[in-house]
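Hello,

Here is the structure for you to keep. Please open it before reading my notes below.

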Amino acid sequence: MSISFTKLLQIITVLIPLLILTSSVIFAQSTAGSNAHVDIWNSETPVVQSSNEEVRGDQWYRDDWTPGRVILRDNSITEIHDINYNTYEDKIIFRDGNTLKAYDPAQVRGFKFVDENGNKTQEFVTGISDRQYGINPYNLLRVIYNGDTKFLARHETNFVRNSGRDIVSNRPYSEYDDSMTYFLLKDGKLTKTRLRKRNILRDIGDQRKALNDFIRSSDLGLRSEEDVATLLTYYDQIN
């Protein structure tokens, strides 16, 4: 019988202090999947100290384990294995038997979620740095559009203790608070943006008339990631 993602996490959280943890090797297309790139994941999640305290939300990008490949710093790529992205710790977590392990962020160039045929469905990359936005080269950013001008998203989760009280029981609760920030990367410069027409056009910075004409003819609202990707595809074509 398979163990659900949530149940496995509960088991690991309880048993970690009692386990004698040993390293192991994941399958990879080269030696890049070896122990040099992974660590036992002990979880940096804040410990809830009060037995009366509830926790809402979670720290995971996906609701369950998802097939994926990890691109390592030496450009090797792992074989497909079940992974999840911990947005609180900004780490890629995977299962090795009944043990959870994390890839060393310093050894990761990015990762891809894939479908049943091995085709990429989503991609995250590292290597982008900007002090203004608090982004370092090890932070993972989701790639929405990967052209000459790139459209990226940063996913973050904060743990807010005693963020409120339940309206029925009046018990205090803490919660994981998710946030997502959009960026355009153009000519090596990162610019924070929003899913709004005026923001996107301002942050692209040129070809405003041609882009406005395309927006009208294509009936783009620029309120979705797909619309922005469509606009940037056209923008790269005319530049």
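**What I found**

The cover over the buried residues of α4 includes β9 (141–146), β10, β11, α2 (197–204) and α3 (208–218). Helices (H or I, at least four residues) and strands (E, at least two) are DSSP runs, numbered from the N terminus. Buried means under 20% relative accessible area, exposed over 50%, and partly exposed in between (1.4 Å probe, protein chains only). Contact means heavy atoms within 4.5 Å.

Two notes on how to read the values. The model is predicted, so local features need pLDDT of at least 70 and side-chain atom pairs count only at pLDDT 80 or more, while totals for chains, interfaces and linings use all residues. Residues are numbered from 1 along each chain as its sequence is written, and side-chain values use heavy atoms, with hydrogens and water left out.

**Overall**

The protein chain has 4 helices and 12 strands. Of its 239 residues, 42% count as buried. Take the contacts between residues at least 6 apart in sequence: 56% of them join residues at least 24 apart.

**The helices**

α4 covers residues 225–238, which is 14 residues. From first C-alpha to last it reaches 20 Å, close to the 20 Å expected at 1.5 Å a residue. That expected span is 1.5 Å times one less than the number of residues. The buried residues of α4 are Glu 225, Asp 227, Val 228, Ala 229, Leu 231, Leu 232, Tyr 235 and Asp 236. An α-helix has 3.6 residues a turn, so residues three or four places apart point the same way.

How do α3 and α4 pack, and at what angle? They meet at about 135°, with their axes 11 Å apart. That makes α3 oblique to α4. Axes are lines fitted to C-alpha atoms, for helices over the stretch in contact, and angles run from 0 to 180 degrees between N-to-C directions. Under 35 degrees counts as roughly parallel, over 145 as roughly antiparallel, 65 to 115 as roughly perpendicular, and the rest as oblique. The crossing of α3 and α4 is right-handed. A crossing is right-handed if the near helix is turned clockwise from the far one by less than a right angle, and left-handed if anticlockwise. On the α3 side, the residues are Ala 210, Leu 211, Phe 214 and Ile 215. They meet Thr 230, Leu 231, Tyr 234, Tyr 235 and Ile 238 in α4.

α2 and α3 cross at roughly 145°, and their axes come within 10 Å. Lys 197, Leu 201, Arg 202 and Ile 204 of α2 make the contact with Arg 208, Leu 211, Asn 212 and Ile 215 of α3. The crossing of α2 and α3 is right-handed too. The buried residues of α2 are Asn 199, Ile 200, Leu 201, Asp 203 and Ile 204. Their cover includes β11, β12 (189–193), α3 and α4. Just after α2, Gly 205 has a positive phi of about 95°.

Tyr 182 sits in strand β11. It is buried, at 10% relative accessibility. Which side chain does Tyr 182 join through a polar contact of 2.7 Å? It is that of Glu 225. A polar contact is a pair of N or O atoms within 3.5 Å; within protein, one must be able to donate a hydrogen and the other to accept it, and residues adjacent in sequence count only if both atoms are side-chain atoms. Arg 142 is 40 residues from Tyr 182 along the chain, and their C-alpha atoms are 9.4 Å apart.

Thr 191 belongs to strand β12. At 18% relative accessible area, Thr 191 is buried. Beyond four places in sequence, it contacts Tyr 133, Tyr 182, Phe 183, Leu 184 and Asp 203.

**The loop between β10 and β11**

Asp 166 lies in the loop between β10 (150–165) and β11 (172–186). It counts as buried, at 19% relative accessibility. Its side chain makes a polar contact of 2.7 Å with the side chain of Arg 56. A polar atom of the Asp 166 side chain also lies 2.9 Å from the backbone nitrogen of Val 168.

Asn 170 is in this loop as well. Its phi is positive, about 65°, although it is not a glycine. At 49% relative accessibility, Asn 170 is partly exposed.

Best wishes
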